Every structure is written in C-alpha cells, then in structure tokens.
Amino acid sequence: MKAVVYEGENRMRVVDEKEPGSTGARDAVLRVTTSAICGSDLHMYEGRTALPEGHVVGHEIMGVIERTGDAVTSIKPGDRVVLPFNIACGYCYNCHRGLTNMCLTMNAQKPHAAYGYAGMGPYGGGQAEYVLVPNADFNCLKLPGRPFDSWEEDFILLADVFPTGFYGAELAQVAPGKSVAIFGAGPVGLMAALSSLIKGAAEVYVIDFVPERLEKVKELGATPINARAGDPVEQIFALRAKLPGLRGRLRPGEDKLQGVECVIDAVGYQARDDQDYAREKPTQVLDNMVKLVNPAGHIGIVGVYMAPDPGGKTAQAKQGVFALPMAELFDKAVTVGMGQCPVKLYNESLRDLIIAGRAKPSKIVSHRIAIDQAPEAYQKFDQRVEGYTKVLIQFPWARAA
Ligand SMILES: NC(=O)c1ccc[n+]([C@@H]2O[C@H](COP(=O)([O-])OP(=O)(O)OC[C@H]3O[C@@H](n4cnc5c(N)ncnc54)[C@H](O)[C@@H]3O)[C@@H](O)[C@H]2O)c1
Ligand SMILES: [Zn+2]
Ligand SMILES: [Zn+2]
C-alpha cells in the first residue's frame, strides 16, 4: 500500500509499505477514505521531534472498516468511522475518567498513544491506504452516510482539530457572553474560534500573521487580528476600549479589565516572534497570553510544547524548558489548563452538531490532494503559502465503489 513516511528534516516520501497484517482479536483494519495533514505533523516534518526515519505518519484518519478481530463486537466490516487521534485502552484509571489523552496502558514509554506520532508509541500512521486500529470497539466513532458525501470533509476534522479547538475553549472556560482571544489561525485556532462561537462567546479575536488564515477567521464570524500590524495585545486593548457597548456598561474599576477573560494558545513551541515573523520565539504566545488575560481569567494551551526538540536554540529549549512571568500569572490569579485533547470526550457531541447542520467545520479546508502529492503539500503547508491551511489526502477508491 502507499503510505507517507518521514525521511528526515523537511522530507516526507510516499513509499510502498506493507499492509497491516494479521489483526489481533480486539483490533480492526481500516481502509482509509480521507486522512488530513496536521500542524502537529509539521513539528515532525521539520525535524523538531525524535521521530525515527521511515515511520508512517498521519493521525487524522477516517474510512471504512475492512476487517475486524474475533473479539470486536460493536464495529463490523463496512462501517464508516473516524478515529480519535488518541489510541486508548478504555479500561485504565485515566480512560475510565474520560482522559483518553492520558491512557496508561497503550504506550510503554509514557501516558498517551497516537497514530504515526513521535513519542506516542509504535503505532503506524494513517496517511496510508490502510491502518491498524487497536482496540477497535473503543477507538472508532461511527458515522452515518457514505464515503465522500457532503459530510466527509466535516467528519475528518473530528479526528483531531475540531475536538482540540473545542478542548482549548473548555480549558479557557469559554461560556455565553465571554470575551475570548485565540493565538494562531491554523486549523486548531480556527476550530477554537468556531467552538467559542458555538459556546456563545460575545467577542472572539484570533491573532495570526497569515492573510489567508485571517480571512478564514472573518468567514467564521470572529475578529481577525493581524500581528504584522503591531503588538497584538495592544491591538486588542485598543479595539475593546473603542467598543461603545462595552464602555457604556462599565462598573467602577472595570476599566482595568482591558484584556479578555479567556485566552487560548493554538500555536505552541514553534511560535514566531511578533517583531520578526521569520524568527522563532517559543515563549512569544505565552508572554502575550499573560499580558492579555484579565485578572481571574483563564488560559487554555493546546498548542504543543515538546521535548526533546533537536532544533531548540538553547540547551534548555532542547528540553522544552522556558522562562514564564510567574509573578504576573500568580498576581492575576489565572487558571491555566493544557495538554493533548481527549478527543473521545467531545467527538460524539461535535459529530451530532455537524449532522444537525449546526456546525460546518469544513469551511477551513483549503486543499484536497492524492497521496502522491503529499510531499509537495507538506512543503507548502509548512511555508503557509498559497493559502495552504488544511490539506486533506483523499483515497478515491470509495468514490468508484
Ligand atoms: N493539544 C492537542 O491535542 C493538539 C492537537 C492538534 C494540534 N495541536 C497543536 O496545535 C498547534 C496548532 O496546530 P495547527 O494545525 O493549527 O498548526 P499550524 O502550524 O497550521 O498553525 C499555527 C499558526 O500559528 C501562527 N503563529 C505562529 N506564531 C504566532 C504568534 N506568535 N502569534 C499568533 N500566531 C502565530 C502561524 O502563522 C500558524 O498560522 C500546533 O502546535 C499543533 O501541534 C495540538
Ligand atoms: Zn492533528
Ligand atoms: Zn487507558
């Protein structure tokens, strides 16, 4: 089968890989219809992780079940499913609490397993024609409809970015009437904006440097903030100071609340320097969030911070160690939540919002490609050129079937 493998810094390659062989009693094999490229894959592509060369990548996967092991009871060949990117057992202490992002049994090295990802266990990725699904009863979300129907491009986003954006909004305690700022207008930031609007936020600002992505922010109904036009924190302070509705209802002392109550990091450790987009500054978003969050506000970090990072600029950065303005955080009495998204906590509800026509996340999809075009798509997506925002690898076998 064709599969995308990591070949070394800035090189992905499409190779002929062995199909998943014998299926364990609780496993299944999925024939992939759509697999997406994620901002998380770029950390590996750029050589910023410990991923071994030759590993099949891809953790955003949907398709049709090809075969199942003898002990699988709830999923059968022919079922259309999307896979949460977390691989989980369903019976450990954390899985029991719904924290499939911290499953204690599926990865011998540490909590958390995933498809085709550095440090997340030995599992092969799904940017491939077939993928092995461990514990299939637990790790599939059943979908209505047929491959390549009008939901295909919405449902694929349930594997990661829609639940992850929603998780960012949960961690930042977004609720009706709240003010929200999101750093990063990549797929995760855009899904955090959509989720914040679904949760009823009154103001949603999204900060980025990339014009096409800021356009998508507007399309979703949020307010784009172009970081090239000056300090994004100051821009939001200034915008809020001018909102007549806000000024007219302030109680004594509220003029101190210049910022927003909920802030989400959808960028992570490869953040760019506000002064110079060409340079990396791993703490840029963290620093901005601390300034922008109002006292007693909430910060949700879903942008990834990862070690070891062979490309880190200092010995500490290579280990993911960064300085934080702790005193200001403490002084503001802020809550901070972070981590990989426990996709299974949210994917069902979000699927049903899609089915009901109340969410159309596929608005962010920019490119649809065949697997042979993946290396070129990685390069363009990595450079954020030509509007590359969310790339779907489509396997057209099911269109013909
Ligand atoms: N927690 C999770 O479960 C989870 C899941 C998926 C992705 N992620 C992570 O979320 C992050 C975003 O993913 P994505 O797919 O949207 O990636 P992406 O790389 O496409 O988007 C990141 C965006 O951030 C922007 N950016 C860079 N520096 C910035 C700054 N200083 N201020 C504002 N914007 C800045 C970039 O221009 C880019 O548009 C990545 O770190 C990814 O690994 C986490
Ligand atoms: Zn992803
Ligand atoms: Zn578990």
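Modeller: Two residues are in contact if their C-beta atoms, placed from the backbone, lie within 7 Å. Helices (H or I, at least four residues) and strands (E, at least two) are DSSP runs, numbered from the N terminus. This is a predicted model, in which local features need pLDDT of at least 70 and side-chain atom pairs count only at pLDDT 80 or more, while totals for chains, interfaces and linings use all residues. Residues are numbered from 1 along each chain as its sequence is written, with chains lettered from A and ligands numbered from 1 in the order in which they are written.

Biologist: How many residues of helix α4 are buried, and what do they pack against?

Modeller: A residue is buried if 20 or more other C-beta atoms lie within 10 Å of its own, exposed if 12 or fewer, and partly exposed in between, with C-beta atoms placed from the backbone. In α4 (residues 161-171), 11 of the 11 residues are buried, including Phe162, Phe166 and Glu170. The packing partners of these buried residues are α5, β13 (260-265), β16 (293-301), β17 (335-338) and α12 (347-355). Just after α4 comes glutamine 173, with a positive phi of about 55°.

Biologist: Into which domains is the chain divided?

Modeller: Domain bounds come from an automatic or database domain assignment. Here domain 1 takes in 2-160 + 342-400, and domain 2 takes in 164-338. Their C-alpha centres are 27 Å apart. Domain 1 puts 19 residues into the contact and domain 2 puts in 23. On the domain 1 side, helix α1 (residues 39-45) gives the most, with three residues. That side has six nonpolar, seven polar and six charged residues; Ala, Val, Leu, Ile, Met, Phe, Trp, Tyr, Cys and Pro count as nonpolar, Asp, Glu, Lys and Arg as charged, and the others, Gly among them, as polar.

Biologist: Which residues come nearest to ligand 1?

Modeller: A residue is near a molecule if its C-beta atom, placed from the backbone, lies within 6 Å of it. There are 34 residues around ligand 1, and Gly39, Ser40, Gly184, Gly186 and Gly268 come nearest. Two or more residues of the shell come from each of α1, α5 (187-198), β11 (203-208) and α9 (284-292). Helix α1 gives the most, with four.

Biologist: Where does the largest nonpolar core lie, and which residues have the most contacts inside it?

Modeller: In soluble globular proteins, nonpolar side chains tend to be buried together. A nonpolar core is a set of buried Ala, Val, Leu, Ile, Met, Phe, Trp, Tyr and Cys residues joined through C-beta atoms within 7 Å. The largest one here has 117 residues, and Leu30, Ala193, Val206, Val263 and Ile264 have the most contacts inside it. Both domain 1 and domain 2 give residues to this core, so it lies between them.

Biologist: Which residues of strand β8 face each side?

Modeller: In a regular strand the side chains alternate between the two faces of the sheet. In β8 (residues 130-133), Tyr130 and Leu132 are on one side, Val131 and Val133 are on the other, and all are buried. Two strands pair if DSSP finds at least two bridges between them. Strand β8 pairs with β3 (residues 28-37) in the antiparallel sense over four bridges, and alanine 28 has valine 133 as its bridge partner.

Biologist: What joins β1 and β2?

Modeller: Six bridges join β1 (residues 2-8) and β2 (residues 11-16), which run antiparallel; one of the bridges partners valine 5 with arginine 13. Two residues lie between the strands of this hairpin, where asparagine 10 takes a positive phi near 60°.

Biologist: Is glutamate 53 buried or exposed?

Modeller: Glutamate 53 is exposed, because 12 other C-beta atoms are within 10 Å. This residue is in the loop between α1 and β4 (60-68).

Biologist: Which backbone values deserve a look elsewhere?

Modeller: Histidine 112 has a positive phi near 95° and counts as buried, because 24 C-beta neighbours are inside 10 Å. Arginine 384 has a positive phi near 50° and counts as partly exposed, with 19 such neighbours inside 10 Å. Alanine 307 and proline 308 are joined by a cis peptide bond, with omega about -5°; proline 308 lies in the loop between β16 and α10 (315-318).
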